[in-house]
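User: I have a model open and would like to talk through a few parts of it. Can we start with the pocket?

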Amino acid sequence: MVNLNIDFNGLKLKNPILTASGTFGYGTEFSDFIDLNRLGGFIVKGTTLHHREGNPYPRMAETASGMLNAVGLQNKGVEVFCKSIYPEIKDYNTNILVNVSGSVVEDYVSTAEMINELENIPAIELNISCPNVKEGGMAFGTSCASAEEVVKAVRKVYKKHLMVKLSPNVTDIVSIAKSVELQGADSVSLVNTFLGMAIDAKTRKPKLSTVTGGLSGPAIKPIALRMVWQVAKAVNIPVCGLGGIMNADDVIEFMLAGASCVQIGTANFIEPDITIKILEGIEHYCRKFGVKDINDLIGALDS
Amino acid sequence: MKKYIHYFEVIYNTQLNTDYYLLKLFTEEDLPAIFPAQFVEVRIDGAPNTFLRRPISIHDVNYEKNTITLLIRIAGEGTAILSSIKSGEYLNLIYPLGNSFTMPDSDRILLIGGGCGVAPMLYAAKYFMQFGITPTFLLGYRNKESILRPEKFAKYGNVFYTTEDGSFGEKGNVLNHSLLNNEEISFEKIYACGPEPMLKALSDLAISRKIECEVSLENLMACGIGACLCCVQNTDQGHKCVCTEGPVFNVKNLIW
């Protein structure tokens, strides 16, 4: 019997598999394909204080081993989430996290305050790294001062586990991670998407309405892995790793690099039951290599 | 409506002309109820540069033989790989996806397809026929050589054609056809699928003549199940997912 339980700085995970915000809807989109209760957790769509229509179509372009998106945080706002969506999902026996985003610090704070009141939401993921909104989002996550400002303000009102999602579009992700740790973040998740673009050579037009968008998928995995390794060595709070995970070996790699848990993102679009296949793959790996406790893999890179 | 992930065996893969292939697929699982204009997301295995599934509309269904048929147009690398699949090989499908054309009140209905947009119209006609409705088809192609499965369409209704070069049927596109330009012929409802400029022009015509009109859209999508929010269409109720709240929209709700 392999122990897959992880104490993620107070957040009790039955296994290291979570799903990435924006790739998993509100969970229920996947209930035809998997038993959501088997997940370590799922992170629902980026939620803002007010309703957002997001960016115009086209919002997606497939690229080599990846995809660009420019959805732009389309969501119905935190009130609709609390009143209509939360009651539908709150009884799943797994950790449900809400990804919280905003344009100004006050919006993050108001949204986090409202989520704080929801009994069955044990944590939020503070999104200071969305590359697809004009104001806020990634702007907060690309300098230590602004990252500190928003984390400090949210920390005052949010009493449960505060995970902060970091942007890879920075010169030094380690310094940002240290800044948010200093302001009281309970964990960090990394990486969000990489800013990229795609052009249609025939029409000479950009493939996204916003010209640039966020790159995800296996194309970004080696960079994400490197960043997780650098950050995990530098901070004392646990790291949730993500970026191009497609299979169980990818998860093991992220854990060896120092992640205590992971998020599956773009892979959900291709295989809606991939999370459970990966979970079974991890159990298989542990049996095959004699790993009795998944925690033994965290940061166990032999270098 | 419950969605499934099933493996399908390729019964045959027939080239229809330079750009189009007909794929007949069999599953050992029971087929769920499938409605007109619904689609599948096909996983493309072994493609070096693509990794997302490809949304393909359901062209035909046979519940007795547990088969579905897809009409594939080679549009890029993903569909090129699909076109080379051999009988006996397997494809992984998520289905049935999307909403569907709504039932008409009479058989004064016109099914319009342009190019690859003819694909859902065959099954739509077959489906409506169960309710005693015999539709009229208006199908638009580039030329005579590009006409797809004429005998098959003729089994389910009266078929009228346009070709851009006039080599078969009336010359021009479907909007120019006399069926749509004769005050004495009236349709209760039009169902259409095809290139966006055709659908927009048709929408204008339907609205000005007060004819109900539903179109099936083909926006780029990633997941097909309402999670990624990439395939949105602007409507009078804001952005709607083409994969789950479409692909069928009444033109009066579209903002395009």
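User: Which helix and which strand each supply at least two residues of the lining of the second largest pocket?

Analyst: In this predicted model, helix H1 (78–89) of chain A and strand S14 (238–241) of chain B each contribute at least two residues to the lining of the second largest pocket.

User: What volume does the second largest pocket have, and which residues are the closest to its centre?

Analyst: The volume of the second largest pocket is about 550 Å³. It is lined by 23 residues, and those closest to its centre are A:Tyr26, A:Gln74, A:Lys76, B:Leu229 and B:Glu245.

User: And how do the residues of that lining divide into nonpolar, polar and charged?

Analyst: The lining of the second largest pocket has six nonpolar, ten polar and seven charged residues.

User: Switching to A:Asn69, is that residue buried or exposed?

Analyst: A:Asn69 counts as buried because its relative accessible area is 17%, and the cut-off for buried is under 20%. The residue sits in strand S6 (residues 66–69) of chain A.

User: What does the side chain of A:Asn69 have a polar atom 3.1 Å from?

Analyst: That polar atom lies 3.1 Å from the backbone nitrogen of A:Val71. Leaving aside neighbours within four places in sequence, A:Asn69 is in contact with several residues, including A:Arg59, A:Asn132 and B:Cys230.

User: Last topic, the sheet in chain B: in what order do the seven strands come?

Analyst: The open sheet of chain B runs S10-S9-S8-S7-S11-S12-S15, with mixed pairing, and its edge strands are S10 (170–171) and S15 (248–250). Within it, S7 (residues 109–114) and S11 (residues 189–193) of chain B run parallel, joined by five bridges, and B:Leu110 stands opposite B:Ile190 in S11(B).

Methods:
Residues are numbered from 1 along each chain as its sequence is written. Chains are lettered from A and ligands numbered from 1 in the order in which they are written. This is a predicted model: local features need pLDDT of at least 70, side-chain atom pairs count only at pLDDT 80 or more; totals for chains, interfaces and linings use all residues. Side-chain values use heavy atoms; hydrogens and water are left out. Helices (H or I, at least four residues) and strands (E, at least two) are DSSP runs, numbered from the N terminus. Buried means under 20% relative accessible area, exposed over 50%, partly exposed in between (1.4 Å probe, protein chains only). A polar contact is a pair of N or O atoms within 3.5 Å; within protein, one must be able to donate a hydrogen and the other to accept it, and residues adjacent in sequence count only if both atoms are side-chain atoms. Contact means heavy atoms within 4.5 Å. On a 1 Å grid over the protein atoms alone, a cavity is a set of points where a 1.4 Å probe fits but cannot get out, and a pocket is an open set with protein on both sides within 12 Å along at least five of seven lines; lining residues have an atom within 4 Å of a point. Grid points are joined across faces, edges and corners, and a volume is the space filled by probe spheres set on the points. Ala, Val, Leu, Ile, Met, Phe, Trp, Tyr, Cys and Pro count as nonpolar, Asp, Glu, Lys and Arg as charged, and the others, Gly among them, as polar. Two strands pair if DSSP finds at least two bridges between them.
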